[in-house]
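Subject: Structure handover

Hello,

The structure you asked for is below, and my notes follow it. Please read them with the model open.

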Amino acid sequence: MAAEPPALRLRPPGSAGDSPPVPRLLGGCVPLSHQVAGHMYGKDKVGILQHPDGTVLKQLQPPPRGPRELEFYTMVYAADCADAVLLELRKHLPKYYGVWSPPTAPNGQACAGAVSRPVVKVPGQLVSDVYLKLEDVTHKFNKPCIMDVKIGRKSYDPFASSEKIQQQVSKYPLMEEIGFLVLGMRVYHVHSDSYETQNQHYGRSLTKETLKEGVSKFFHNGFCLRKDAIAASIQKVEKILQWFENQKQLNFYASSLLFVYEGSSQPATTKSNERTLAGKFLSKGHLSDADVLECNNNFHLFSSPANGTSVGKSLSKVYARHRKLYSKKHHSQTSLKVETLEQDNGWKSMSQEHLNGNVLSQLEKVFYHLPAGRPETAEVEVRMIDFAHVFPSNTVDEGYVYGLKHLIAVLRSILDS
């Protein structure tokens, strides 16, 4: 079991400073604000919660699923574990801090001062009174972009009833062929300083033809395609694939990968002079009439043929100059033509009145999140989650391996396009 986590901020990652207060429950815990899939507070009886120390509380599911997941975590994080396969697996999981119970449960603990403890069977204590206490993988991110992807050719385990099998297959008939399913995503958009979310219905609507575009949506911040995050994600998934190809102890069903990358490339302590980068560029006056913008993705800038031409051209040159500092070592760049404002493509906020008026405030939002000094490798986490259907085995988990390989192929295709 991992050591107790350090105290973390109570405000959910990516939340605005003036957001309304989050309702507290169970002695100070709050609903997890950045959850993208699974049982959610407000929709289900109980969703995932966040402890005041920053950890995540996942309620134990009814038997046999809940006890099975608890057994998995206690096995992998056992203090005396000497199994090299399980020790390696820890690198790909959220840290586990034991179990937690609310103060209303028999022998429960007050949330704010709770201390993780091993499993204790208390007469009369319901499984629903027990929570897994886990690392919040998003805690170090300023504007976390999150995607939950179920992996494997089957989303039901070998002991599922015929009714359960039929139910799961009907949810996404392509699971067998594709090998993974997007359960939800939350993407930070730079230009609007807001999040776009997609739920499980989005993932189920993806076909073989639209899968690549559907997954790429997670890496597009409304301004450009984050190829750095894609490349870093591929490396993480490949390490998980390597673990699966070298182990024959466990088979995973209905388990997911949680992707997280930083939507903002600026730390919380950004210097004020960096925030006015756009102003410094624009202060140099009108630039050349180049109508080609170099960028490492399919981003477009706009000019108005009526009375916003000079601003549009200056803007394209500003961005090209800014990206050149960031992208000169990038393996691929695409020349893109400057298009007109009338096109409907997510830059609605950069309207004609903005170009004629306060364009600087719009630009500062963009440049604040796209500094010239962005590292080549993005800050990315990919962790395995959801282990209610993990079983002992003596063979390679072919279904999970198949899903990982296809997911890597799709990510590489997005990266190379």
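A residue is called buried when its relative accessible area is under 20%, exposed when it is over 50%, and partly exposed in between (1.4 Å probe, protein chains only). By that rule G179 is buried, because its relative accessible area is 0%.

Two notes on the source. This is a predicted model, in which local features need pLDDT of at least 70, side-chain atom pairs count only at pLDDT 80 or more, and totals for chains, interfaces and linings use all residues. Residues are numbered from 1 along each chain as its sequence is written, and side-chain values use heavy atoms, with hydrogens and water left out.

Confidence
The pLDDT, the predictor's confidence in each residue from 0 to 100, averages 74 over the protein chain, and 58% of the residues score at least 70. It is below 50 over residues 7–18, a stretch with 24 contacts in the model beyond near neighbours in sequence; contact means heavy atoms within 4.5 Å. It is also below 50 over residues 328–357, where the corresponding count is 68 contacts. Where pLDDT is low, the predicted coordinates should not be read in detail.

Overall
The protein chain has 13 helices and 16 strands, taken as DSSP runs (H or I, at least four residues, for helices; E, at least two, for strands) and numbered from the N terminus. Of its 417 residues, 50% are buried.

G179 sits in the loop between α4 (175–178) and β7 (180–189). Beyond neighbours within four places in sequence, its contacts are K150, I151, G152, R153, L174, Y402 and G403. Two of these contacts, Y402 and G403, fall within helix α13 (residues 398–416). The buried residues of α13 include G403, Y400, L404 and L407.

Core
L257 touches Y400, L404 and L407, and also M147, D148 and V149 among others, not counting residues up to four places away in sequence. L257 is one of the residues with the most contacts to other members in the largest nonpolar core, which has 68 residues; F72, F252, F259 and M384 are the others. Such a core is a set of buried Ala, Val, Leu, Ile, Met, Phe, Trp, Tyr and Cys residues joined through side-chain atoms within 4.5 Å.

T55
T55 lies in the loop between β2 (49–50) and β3 (56–59). T55 counts as buried because its relative accessibility is 1%.

Regards

Technical notes. The expected span of a helix is 1.5 Å times one less than its number of residues.
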